[in-house]
Structures are given as structure tokens and as C-alpha cells.
Amino acid sequence: IAVEKCRHIAGKCMYRLTVHDPLIDATIGNQAIPVFVKFAQNHSNVDLVLHTIKGETVSEALRNHSVDVGYLMAYGDVDETIEERRRKGIVARPMRNRRFSVWMSADSPLAQKEKLYVEDLEDMQIFIAADRLFDDWRGLIDKMCRTHGFVPKIKLRVTPTINGYLAMSLNDGVILLSDAFAQDPRFLMRTDMTARIIEDAHYTLFYVVRENSTNPA
């Protein structure tokens, strides 16, 4: 069977499809991987690769051919987001709505509230990694807070990954993540930390591709 499969593949042109592996939203683990598995079963001539973007935004990665398929997180009207990306030559398809999780010290004042709302973040420092990959996330948080009537106090920290946050002191601030991370074992094991959902806000997760992509895969 293996020999026959090899002969079958050898008779085809091989293609590569590079997919953005997102850090902020746990999309790959709970949604995309089953799709990739099914894709691989039906398209043996396509080599599918997961790629972690470094030093560029998602839009830049698409334009620079670092990835063929990316993920975009956007706050606000879906149609406006689609049109805004279209003007940049990028096709955006909405996938699902996500909630924001606030990752913070267990003794944070926010952790003591019965429910959290966007307005509770007005006087709180929000840490974001000082990396180009997080530029889209920074813009998303800025738009969300401004929509609710205040400018967020965003503070940059030099860590390019979510794991870097696990070693970070959050005595004077919080981190905003996708709600999907609230159930991640890395977070659940931290008894000194807690993740809480923001009740009155969500963002839309899109997958994005170049409008003029010539990749046959």
C-alpha cells in the first residue's frame, strides 16, 4: 500500500500550503487541526505546513508570502472589517465570535468582582508583547476600549510568545487573551493566577488569504 501511495504521489505535482499558527487565539488546536487532517487525507500532493509568524503582522506575512492562509482578530462590524481588508488586497472570511479573557493575579481587584466588563479595564495597565505579531491584537484592544469611551493603558513587555507571560509578574497589570486560553492547562495549574471572561465584549476571528494568490494549493 505504501509503495502504491508513493507511486501515486510521484506522478503528481507537489504543492505547499503554509498556514499561520496563531499564538493569541487557540484556533489551531480546537478547530483547524481536524480540517488539516481531512485536507491531507484528500490531497496527498499538498504539503501543509504550520508557520509561526515572527517580526511581521498577519497582513505583512500574507504580502511577503510567509503564509498562504492567516488568522485575523478584529473588533467591530464584520462587513467593515471585510471591506477594509479588501482595499488592502486581502480576502477575510469570518469564522466565529470569541470572548476576551482577562489573565491576572488571583488577588487583583478585578478578580474580586462578580462579573467583569470592558469599563473595568479603564484604569488598569494592559500588557502586550513587544513584537510585530501582536500589532493586530494591540489594535483590536485599542478599538474595543475606545468604543467603550476610554483609551487603554497599553504597556509593552519584551516577550514574543504566550508562554513568556507565564513567567511575568502581573502585580500591576493584566493580560487580555482569547477565551479559548482560559481552559489551557498551563493557566489552570497556576493557583496564584486566574482568567476571567469579559461579559460585554467579543471579537470576530477571520481567516485571511491574498486576493491575488497564485498558489494552486
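**Around valine 174**

A: Start with valine 174. Leaving out residues up to four places away in sequence, valine 174 touches Val102, Trp103, Met104, Leu110, Leu121, Met124, Gln125, Ile126 and Phe127. Keep in mind that this is a predicted model.

Q: Which residues touch the most other members of the largest nonpolar core?

A: Phe100, Val102, Leu121, Trp137, Met144, Val174 and Leu176. That core has 46 residues.

Q: Which elements give two or more residues to it?

A: Helices α2 (27–42), α3 (58–63) and α5 (135–147), plus strands β3 (70–74), β4 (90–105), β5 (125–129) and β8. The most comes from β8, with 6 residues.

Q: What about a second core, which residues does it include?

A: Phe127, Met168, Phe187 and Met193 are among them. This core is separate and has 9 residues. As background, nonpolar side chains tend to be buried together in soluble globular proteins.

Q: Switching to β3. How many of its residues are buried?

A: 5 of the 5, so β3 is largely enclosed by the rest of the structure. Both faces are covered. Gly70, Leu72 and Ala74 are buried on one side, and Tyr71 and Met73 on the other.

Q: How many bridges join β3 to β8?

A: 5, and the two strands run antiparallel.

Q: Next, serine 105. Where does it lie?

A: In strand β4.

Q: Is serine 105 buried or exposed, and why?

A: Buried, because its relative accessibility is 7%, and the cut-off for buried is under 20%.

Q: What is serine 105 in contact with?

A: Ala111, Leu170, Asn171, Asp192, Met193 and Thr194, setting aside neighbours within four places in sequence. Met193 also belongs to the second core.

Q: Now the loops. Where is histidine 65?

A: In the loop between α3 and β3. Histidine 65 has a positive phi of about 65 degrees, although it is not a glycine. For context, most residues other than glycine have a negative phi.

Q: Is histidine 65 buried or exposed?

A: Exposed, because its relative accessible area is 56% and exposed means over 50%.

Q: And threonine 191, where is that?

A: In the loop between α7 (185–188) and β8 (193–210). Threonine 191 counts as exposed because its relative accessible area is 75%.

Q: How many Å apart are threonine 191 and phenylalanine 36?

A: 35 Å, C-alpha to C-alpha. In sequence, these two are 155 residues apart.

Q: Zoom out. How many helices and strands are there in the chain?

A: 7 helices and 8 strands. The C-alpha trace spans about 65 × 40 × 30 Å along its principal axes. Buried residues make up 41% of the 217 residues.

Q: What share of the contacts join residues at least 24 apart?

A: 81%, taken among contacts between residues at least 6 apart in sequence.

Q: Last one, charges. How many positive and negative side chains does the chain have?

A: 28 positive and 29 negative. The centres of the two sets lie 5 Å apart.

How values were computed
Residues numbered from 1 in each chain as written. Predicted model: local features only at pLDDT ≥ 70, side-chain atom pairs only at ≥ 80, totals over all residues. Heavy atoms only, no water. Helix = DSSP H or I, 4+ residues; strand = E, 2+ residues; numbered from the N terminus. Buried < 20%, exposed > 50% of the residue type's maximum accessible area, 1.4 Å probe, protein only. Contact = heavy atoms within 4.5 Å. Lys, Arg positive; Asp, Glu negative; His and termini not counted. Charge placed at Lys NZ, Arg CZ, Asp CG, Glu CD. Core = buried A, V, L, I, M, F, W, Y, C linked by side-chain atoms within 4.5 Å. Pairing = 2+ DSSP bridges.
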